Amino acid sequence: MSTHSPSTNSAPYQLLKKMTGAPVTTTIDFVLPNMRTEEIRSGKLWFSSLTTVTPVRRDLSRIDFVAAWNVPLPVTIFRAFAKTFLQQDQETMIKQAEGLQHNPRLMLIDDADRPAKWYFALKANLIEARRTGAEMVHPMDGPVTLRWRS
């Protein structure tokens, strides 16, 4: 993901902007199959995090989170933000697992589900390449701009 201005209605971003007086930017990258990295910058201040989701059993996954920053705030504030962020992810994963028990047909929409569509296309293309011995075809032919609100 290219560096961009994050949502203006988020308290952590507003706080960072007040501290530096500089614009806030964020870069989020998803590394398939299970990693998300984020870097937030404003002036000389930054926050960086890595989140991984690892299957432990067929019915259980583990979420790991690590972060580093030079923002002059107590660790307890960062822990509170991290707890909220991770709790949202956990609740989403639980709801997805409950829904998937009924073998629904997945309804993926653009642009919010585009990364999931790429993942499924990558997986299918890899399986096909291994089956046939042909070169794997990547589903993306270049940069794509996604637009959605969460």
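Which residues does Arg-36 touch, not counting residues up to four places away in sequence? They are Ile-28, Asp-29, Phe-30, Ser-49, Leu-50, Thr-51 and Phe-85. Touching, or contact, means heavy atoms within 4.5 Å. The model is predicted, so local features need pLDDT of at least 70 and side-chain atom pairs count only at pLDDT 80 or more, while totals for chains, interfaces and linings use all residues. Residues are numbered from 1 along each chain as its sequence is written, and side-chain values use heavy atoms, with hydrogens and water left out.

Start with the overall layout. The protein chain has 3 helices and 4 strands. Both are DSSP runs numbered from the N terminus: helices are H or I with at least four residues, strands are E with at least two. Along the sequence the pattern reads α-β-β-β-β-α-α. The C-alpha atoms fill a box of roughly 55 × 35 × 25 Å, taken along the principal axes. Of the 150 residues, 17% count as buried. Buried means under 20% relative accessible area, exposed means over 50%, and partly exposed lies in between, with a 1.4 Å probe and protein chains only. Take the contacts between residues at least 6 apart in sequence: 28% of them join residues at least 24 apart.

Now return to Arg-36. Strand β2 (residues 35-42) holds Arg-36. Its relative accessibility is 15%, so Arg-36 counts as buried. The side chains of Arg-36 and Glu-38 are joined by a polar contact of 3.1 Å. A polar contact is a pair of N or O atoms within 3.5 Å; within protein, one must be able to donate a hydrogen and the other to accept it, and residues adjacent in sequence count only if both atoms are side-chain atoms.

Ser-42 also sits in strand β2. Ser-42 is buried, because its relative accessible area is 0%. Its side chain makes a polar contact of 2.4 Å with the side chain of Thr-20. Leaving out residues up to four places away in sequence, Ser-42 touches Leu-16, Lys-17, Thr-20, Ala-22, Pro-23 and Val-24.

Helix α1 (residues 11-20) gives the most to the lining, with 3 residues. By class, the lining has 4 nonpolar, 4 polar and 1 charged residues. Here Ala, Val, Leu, Ile, Met, Phe, Trp, Tyr, Cys and Pro are nonpolar, Asp, Glu, Lys and Arg are charged, and the others, Gly among them, are polar.

Next come the aromatic rings. A search of the whole structure finds 5 aromatic pairs. In one, Trp-69 and Phe-78 have ring centres 4.0 Å apart and planes at 25°, so the pair is stacked. Rings of Phe, Tyr and Trp (its six-membered ring) pair if their centres lie within 6.5 Å; planes under 30 degrees apart are stacked, over 60 edge-to-face and the rest tilted. Trp-69 is partly exposed, because its relative accessibility is 27%. Phe-78 is buried, at 13%. In another pair, the rings of Tyr-119 and Phe-120 have centres 5.5 Å apart and planes at 65°, so they are edge-to-face. Tyr-119 is partly exposed at 28% relative accessibility, and Phe-120 is partly exposed at 39%. Ring pairs also link Phe-47, Trp-69 and Phe-78 into a cluster.

Leu-32 touches Tyr-119 and Leu-122, not counting residues up to four places away in sequence. Leu-32 lies in the loop between β1 (24-31) and β2. It is partly exposed, at 42% relative accessibility.

Finish in the segment after α3 (114-132), the place of Pro-143. At 88% relative accessibility, Pro-143 counts as exposed. Pro-143 and Ser-2 are 141 residues apart along the chain, and their C-alpha atoms are separated by 9.3 Å.
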